[in-house]
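Colleague: I am new to this structure and would like to go through it step by step. Please show it first.

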Amino acid sequence: MQAWNSQRYLFGAPIDVGFAFKRPYEGGHGNQSQHYAGTAFDVGQKMQVAQRNRLRNSVLSSGVWSYVEPASLTPTWVHMDKRRGTPACSQGGYPLIKQGSRGAYVCIAQDNLNTLGYKTGGLDGVFGTQTRNATISYQKSVGLIADGIIGCNTWRSLQESVVGTGKTSTTITS
């Protein structure tokens, strides 16, 4: 939110948000989209081309975003995101998380695990013993190394298993 509030201030005019956050089970984006982490925005869909270009230039020069989608990929909106941590996979994506990790990426993993029936004890963003045990159970069930660490292969598997599945009876909604 700090990056978003900074961007609104720097742009100096209202910015209509077309899309920001979705939970992985809702789908709608790639397997490791920053939208699922709540750190990405797609904006400017209702703007005229000149205003959208001014916004894109403001975003690019702001220095507050980790990634700004090129106009060639998003000609009718501006995508910006604030990624955190070094990606677990060499081609990008979410960072490695393990017991003791905290934050939005832990919440994504907990949401995935719970939706798939592996109980983490909640959606608190804290990678504790229950989340580690749920991770190990999941890893065993899909034939991954059961180390309780969510790195590249576990992220790929989790996201491929859950993205777009819809809410299940084990999804935590409150």
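Modeller: One definition before we start: helices of at least four residues and strands of at least two are DSSP runs, numbered from the N terminus. The model is a predicted one.

Colleague: Where is the place of Ser66?

Modeller: Helix H2 covers residues 49-62, and strand S3 covers 67-68. Ser66 falls between these two elements. Its place is therefore, by the DSSP runs, in the loop between H2 and strand S3.

Colleague: Is Ser66 buried, partly exposed or exposed?

Modeller: The relative accessible area of Ser66 is 43%. Buried means under 20% and exposed means over 50%, with partly exposed in between. Ser66 is therefore partly exposed.

Colleague: Which residues is Ser66 in contact with, leaving aside its neighbours within four places in sequence?

Modeller: A contact needs heavy atoms within 4.5 Å. With neighbours within four places in sequence left aside, the contacts of Ser66 are Asp81, Lys82 and Arg83.

Colleague: Val64 is in the loop between H2 and S3. Does Val64 count as buried or exposed?

Modeller: Val64 has a relative accessibility of 15%. The cut-off for buried is under 20%, so Val64 counts as buried.

Colleague: Which residues does Val64 touch, not counting those up to four places away in sequence?

Modeller: Asp81 is 17 residues from Val64 along the chain, and their C-alpha atoms are separated by 9.0 Å. With residues up to four places away not counted, Val64 touches Ala3, Ser6, Gln7 and Lys82.

Colleague: How are H1 and H2 oriented to each other, oblique or roughly perpendicular?

Modeller: Two packed helices are described by the angle between their axes and the distance between the axes. Helix H1 (residues 2-11) and helix H2 (residues 49-62) pack at about 125°, and their axes are 10 Å apart. Roughly perpendicular covers 65 to 115 degrees, and roughly antiparallel is over 145. H1 and H2 are therefore oblique.

Colleague: Which residues make the contact of H1 with H2, and how do they divide by class?

Modeller: H1 passes H2 in a right-handed crossing. The contact is made by Gln7, Leu10 and Phe11 from H1, and by Gln51, Arg54, Leu55, Ser58, Val59 and Ser62 from H2. By class, the contact of H1 with H2 has 4 nonpolar, 4 polar and 1 charged residues.

Colleague: Arg56 lies in helix H2. Is Arg56 buried or exposed?

Modeller: Not counting residues up to four places away in sequence, Arg56 touches Glu69, Pro70, Ala71, Thr74, Trp77 and Val78. Its relative accessible area is 7%. Buried means under 20%, so Arg56 is buried.

Colleague: What angle do H3 and H5 pack at, and what does that make them?

Modeller: Helix H3 (residues 104-115) and helix H5 (residues 152-162) have axes 10 Å apart, at an angle of about 55°. Roughly parallel is under 35 degrees, and roughly perpendicular starts at 65. At about 55°, H3 and H5 are therefore oblique to each other.

Colleague: Which residues meet in the contact of H3 with H5, and how do they divide by class?

Modeller: H3 passes H5 in a left-handed crossing. From H3 come Tyr105, Ile108, Ala109, Asn112, Leu113 and Thr115, which meet Trp155, Leu158, Gln159 and Val162 in H5. The residues of this contact divide into 7 nonpolar, 3 polar and no charged.

Colleague: What pattern does the protein follow along the sequence?

Modeller: The protein has 5 helices and 4 strands. Read along the sequence, they give the pattern α-β-β-α-β-β-α-α-α.

Colleague: What radius of gyration does the protein have?

Modeller: The C-alpha trace spans about 50 × 30 × 25 Å along its principal axes. Buried residues make up 44% of the 174 residues. A compact globule with 174 residues would have a radius of gyration near 16 Å, and the value for the protein agrees with this: 17 Å.

Notes: Residues are numbered from 1 along each chain as its sequence is written. This is a predicted model: local features need pLDDT of at least 70, side-chain atom pairs count only at pLDDT 80 or more; totals for chains, interfaces and linings use all residues. Side-chain values use heavy atoms; hydrogens and water are left out. Axes are lines fitted to C-alpha atoms, for helices over the stretch in contact, and angles run from 0 to 180 degrees between N-to-C directions. A crossing is left-handed if the near helix is turned anticlockwise from the far one by less than a right angle, and right-handed if clockwise. Ala, Val, Leu, Ile, Met, Phe, Trp, Tyr, Cys and Pro count as nonpolar, Asp, Glu, Lys and Arg as charged, and the others, Gly among them, as polar. The radius of gyration is taken over C-alpha atoms; the globule rule is 2.2 Å times the number of residues to the power 0.38. Buried means under 20% relative accessible area, exposed over 50%, partly exposed in between (1.4 Å probe, protein chains only).
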